[in-house]
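Please go through the notes below alongside the coordinates. They are set out as numbered points.

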Amino acid sequence: MEVACPIDARFPDEISSLLKPLPPRQVQEYFDHLVKARECRGLVVKQDGQHGKGVYADVDFKEGGLVLKDQMLAGAQHFANKFDCLVCGFCFRFIGSIELQIGRKLCFQDLGVSANNECDGQTFLHMPEEKHKVDSSNGEDDLYKEDSRGLGECASSSSKYQTPLSEGVAQSLMNGELVLPYSDKFPLPEVIFCPGGCREAFYCSKFCADADWDMFHSLLCVGSNSKSSNKGALQKFMRHANETNDIFLLAAKVVAFVILRYKKLKAADLDKQEKCTGSCDLSLLLEAWKPVAMGYKRRWWECIALPDDIDCCDESEFRMQIKELAFTSLQLLKAAIFDEECEPLFSLEIYGHIIGMFELNNLDLVVASPVEDYFLYIDDLQRSEKKQAERITGPLLDALGHDYSVHCEGPGWPSNNNCSPTY
């Protein structure tokens, strides 16, 4: 059955304007400004009629030298990965402490949480206000003996591991009551909570918290201060994305980004004109959309690769199912953050092209875990120091198993908007 979105029928001209490629001159001006603002010395962006946009070097770089370092425009951590890695919701840097990272993983591991298990998703962090730290470097007894203090439900089961952990170790690590040897060599930024009051987004600094709030999260937060028109619908959208394809979360960030950018542009425009209107200003919407306009796009259901287990004769049915999946996601997002002035953004044509842009151009977001560096540091200690430290860290490493050093992972969209490096 063909999927029909009413918004597509109501705004054909606006949708066409949003998806129309910008003139080469405007594209060049945009990237020239971007290169200058980012201080990308030695790099220029050029357009080629055959290959599209490309990043060129106009100086000689030394082998192994840094060519480009830039903040991505939008990224999203995989849902299952959140149980392994506590990171900043904006820059994806690991936060808290080595103890907190290990304790959380042990806690979720003990609760049986994994990529295939359901979780309420409400709390990825437990941070009591008071922390009574105990330095574990003076002896090994803390991790082995039975803990009679009853420090909570998160305790690593001794039946699974080569070396049994005492009850409450995971909670003690999370609370900051148990300090691991040499963990001070790997300091992490303090955890900053979401300004909207949700327990799902955390940050490494107020700068990142404010930046994420201004660019995306104020519309996608389920906390008490959220600007979402329907937080219940927003939770349904997120649940659907986590259960089907988390590329929808990235698409939602782009829609929120354009809406918030549009509102700022309109507020500045109204200050100049001293008038108020509730109708959509297409010129402002196109300006708000401009960073997204730079990316090459096709409809998701048309450009997605056919999976190996799908027969060619079933391709049409598969692509229709993908289109229906996108429409379901769009309806849930529309119920959560719909803005009448930006209504064309909630058309299936626009949503499908945004997701298709990710399908064609996405980069993998990968941030190495400091937990791996910590255990490698312990392994490289002098024999006597290593032996003493491993009385504490050894049982933890056994309990964590092979996945002790899981990286932060997810999809990301670069702010240089799909330019290919040219050598």
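Which residues does Lys297 touch, not counting residues up to four places away in sequence? The answer is in point 2.

1. Basis. This is a predicted model, in which local features need pLDDT of at least 70 and side-chain atom pairs count only at pLDDT 80 or more, while totals for chains, interfaces and linings use all residues. Residues are numbered from 1 along each chain as its sequence is written, and side-chain values use heavy atoms, with hydrogens and water left out.

2. Lys297, surroundings. Not counting residues up to four places away in sequence, Lys297 touches Leu19, Trp289, Val292, His353, Met357 and Leu360; contact means heavy atoms within 4.5 Å. Lys297 sits in the loop that runs between helix H10 (282-293) and helix H11 (300-303). Helices (H or I, at least four residues) and strands (E, at least two) are DSSP runs, numbered from the N terminus.

3. Lys297, charge. Lys297 is buried and has no salt bridge. Buried means under 20% relative accessible area, exposed over 50%, and partly exposed in between (1.4 Å probe, protein chains only). A salt bridge is a side-chain nitrogen of Lys or Arg within 4 Å of a carboxyl oxygen of Asp or Glu. The nearest side chain of opposite charge is that of Glu349, 12 Å away; Lys and Arg count as positive and Asp and Glu as negative, with His and the chain ends not counted.

4. Lys297, polar contacts. What does the side chain of Lys297 reach at 2.8 Å? It is the backbone oxygen of Gly295. A polar atom of the Lys297 side chain also lies 2.6 Å from the backbone oxygen of Val292. A polar contact is a pair of N or O atoms within 3.5 Å; within protein, one must be able to donate a hydrogen and the other to accept it, and residues adjacent in sequence count only if both atoms are side-chain atoms.

5. Arg299 forms a salt bridge with Glu349, with the closest N and O atoms 2.7 Å apart. That pair links distant parts of the chain, 50 residues apart: Arg299 is in the loop between H10 and H11, and Glu349 is in helix H13 (residues 348-361). Arg299 also forms a salt bridge with Glu302, where the closest N and O atoms are 3.2 Å apart. Glu349 is buried at a relative accessible area of 17%, whereas Arg299 is partly exposed at 27% and Glu302 is partly exposed at 38%. Salt bridges that share partners join Arg299, Glu302 and Glu349 into one network.

6. Gly356. Helix H13 also holds Gly356, which is buried with a relative accessible area of 0%. Not counting residues up to four places away in sequence, Gly356 touches Arg298, Arg299, Trp300 and Cys303. Gly356 and Tyr296 are 60 residues apart in sequence, and their C-alpha atoms are 8.7 Å apart.

7. Lys105 and Asp84. The structure holds eleven salt bridges, one of which joins the side chains of Lys105 and Asp84 at 2.4 Å, N to O. Lys105 lies in helix H4 (residues 98-110) and Asp84 in the loop between strand E3 (74-75) and H4, so the pair ties together parts 21 residues apart in sequence. Lys105 counts as buried at 8% relative accessibility, and Asp84 is partly exposed at 25%.

8. Cysteines. How many disulfides does a search of the whole structure find? It finds zero, a disulfide being a pair of cysteine sulfur atoms within 2.5 Å. The sulfur of Cys194 is 3.6 Å from the closest cysteine sulfur, in Cys198, which is too far for a bond. For Cys85 the closest cysteine sulfur is in Cys408, at 5.8 Å, also too far for a bond. Cys85 is buried at 2% relative accessibility, and Cys194 is buried at 7%.

9. Cys194, surroundings. Cys194 is in the loop between strand E6 (192-193) and strand E7 (202-203). Not counting residues up to four places away in sequence, Cys194 touches Ala201, Tyr203, Trp213, His217 and Cys221. Cys194 and Trp213 are 19 residues apart in sequence and 8.3 Å apart from C-alpha to C-alpha.

10. Totals. The protein has 15 helices and ten strands. Of its 423 residues, 46% are buried. Among contacts with a separation of 6 or more, 70% are between residues 24 or more positions apart.
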